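Please look at the model before reading on.

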Amino acid sequence: MVVLAKGELEQIALPAAVQKAPPPLADVPEVDLAAAAGGGVRGREAVARAVVAACEGHGFFKVTGEGVPTELLARVEDAAEAFFALPQLEKEAATTVAAAPAAPGSPFGYASKRIGSNGDLGWVEYLLLGVTAAGTTAALSVPGDEASSLPPVSCSLRDLLDEYVVSVRAMACEVLGLMAEGLGLEEKDVFARLVLDKESDSMLRVNHYPPRPELKQSAASAPAAAAAAAAGGHGSRLTGFGEHTDPQIISVLRSNDTSGLEISLRDGSWAAVPPDRNSFFVNVGDALQVLTNGRFRSVRHRVMVSSLRPRVSVIFFGGPPPQERLAPLPSLVAEDGGRRRYRDFTWREYKSWAYRTKLAENRLCHFETAARD
Ligand SMILES: O=C(O)CCC(=O)C(=O)O
Ligand SMILES: [Fe+2]
């Protein structure tokens with residue numbers, strides 16, 4: 001983990017995008033998990049079909065009725081904001097402690113502006129935490145809490161995230177079950193068991209996108225002009241989190257009410273996702289695209305910063321165990337006329353390839369059956 005001195009942080013030049021803000025995504029597919037749980041066999045089948053349609057379409061949809069306590073969500077959001085409001089040195093100190101038990105070069109812990117280790121930069125700071133089988137966030141645990149040097153705020157954030165992970169992972173697995181059902185697969189837990197496995201390589205990322213610096217300055221001196229600039233989306237927009245697909249099986253995202261998330265549509269254009277702090281958003285990840293032989297689409301997405309308000313998002317990434325061999329499911333290959341689109345590989349292999357590539361790269365190309373190494 002690179003720990004940057006404060007001065008150095010401020011000198012990093014960030015990518016500015018000159019294009020106009022894209023139109024809002026008008027048809028975010030919505031899946032009501034309460035209807036799947038309480039709607040009888042027919043109701044569940046309808047929800048499973050809707051999930052499959054959304055995964056085949058945008059590879060992205062909204063989930064409601066999931067039963068995660070609203071109060072927990074509000075507390076996670078408050079604790080995350082409090083953590084990111086700490087002085088820079090304290091956040092970095094939390095990192096040092098958090099990252100200590102992890103292997104050298106571990107991506108876990110706190111980072112600012114640097115995304116991964118291949119030169120990707122964004123107007124974002126984040127905590128990246130490993131998720132253990134018990135549903136806890138390993139990278140923030142410190143041996144012997146009483147001896148912990150973590151600031152109290154990050155201890156309470158850690159406890160809340162522990163609780164959050166349990167709920168959100170259960171929801172992710174319910175959604176994965178619906179995907180299998182909707183696809184007509186015999187093994188209904190074929191996807192969920194990978195995320196529930198005690199060796200599952202799942203993660204949690206808490207992102208904080210501060211308001212654009214020039215907007216913040218002009219808000220103080222000329223509030224009306226700054227608000228108009230932010231609302232209009234003109235001029236340069238900062239890249240918060242550059243375009244990418246998530247490598248894992250499934251990602252479940254929740255954010256506060258600040259906009260910024262955009263997804264790439266099948267025609268290559270971009271659409272802004274209207275924020276909704278009362279719902280979760282699900283992304284199909286690369287591993288699920290492989291398992292479904294390309295039937296489900298790993299959605300390309302990014303975060304652009306053009307708001308006066310900070311954006312806070314929490315994303316659970318459900319991944320398989322490192323040694324798991326990933327390959328297109330035979331029944332889906334058969335349905336695709338016997339055409340197998342990806343060679344098999346272990347999750348460990350995929351991740352080590354992903355860590356060597358830039359954020360925006362299409363990593364799945366390397367594993368296509370037509371691809372040459
Ligand atoms: O912060 C967000 O809203 C999305 C970030 C993201 O795509 C990621 O962390 O993988
Ligand atoms: Fe992502």
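What volume does the largest cavity have? The largest cavity has a volume of about 40 Å³, where a volume is the space filled by probe spheres set on grid points joined across faces, edges and corners. A cavity is a set of points on a 1 Å grid over the protein atoms alone where a 1.4 Å probe fits but cannot get out, and lining residues have an atom within 4 Å of a point. The model is predicted: local features need pLDDT of at least 70, side-chain atom pairs count only at pLDDT 80 or more, and totals for chains, interfaces and linings use all residues. Residues are numbered from 1 along each chain as its sequence is written, chains are lettered from A and ligands numbered from 1 in the order in which they are written, and side-chain values use heavy atoms, without hydrogens and water.

**Cavities**
- The whole structure holds 2 cavities of 30 Å³ or more.
- Residues lining the largest cavity include Tyr209, Met304 and Arg311.
- The second largest cavity, of about 30 Å³, is lined by Leu73, Val76, Glu77, Tyr164, Arg254 and Val314.

**Ligand 1**
- Ligand 1 is surrounded by 13 residues (a heavy atom within 4 Å), and Tyr209 and Arg311 are among the closest.
- Taken alone, ligand 1 exposes 290 Å², of which the protein buries 98% (Shrake-Rupley method, 1.4 Å probe).

Note on methods: On a 1 Å grid over the protein atoms alone, a cavity is a set of points where a 1.4 Å probe fits but cannot get out, and a pocket is an open set with protein on both sides within 12 Å along at least five of seven lines; lining residues have an atom within 4 Å of a point.
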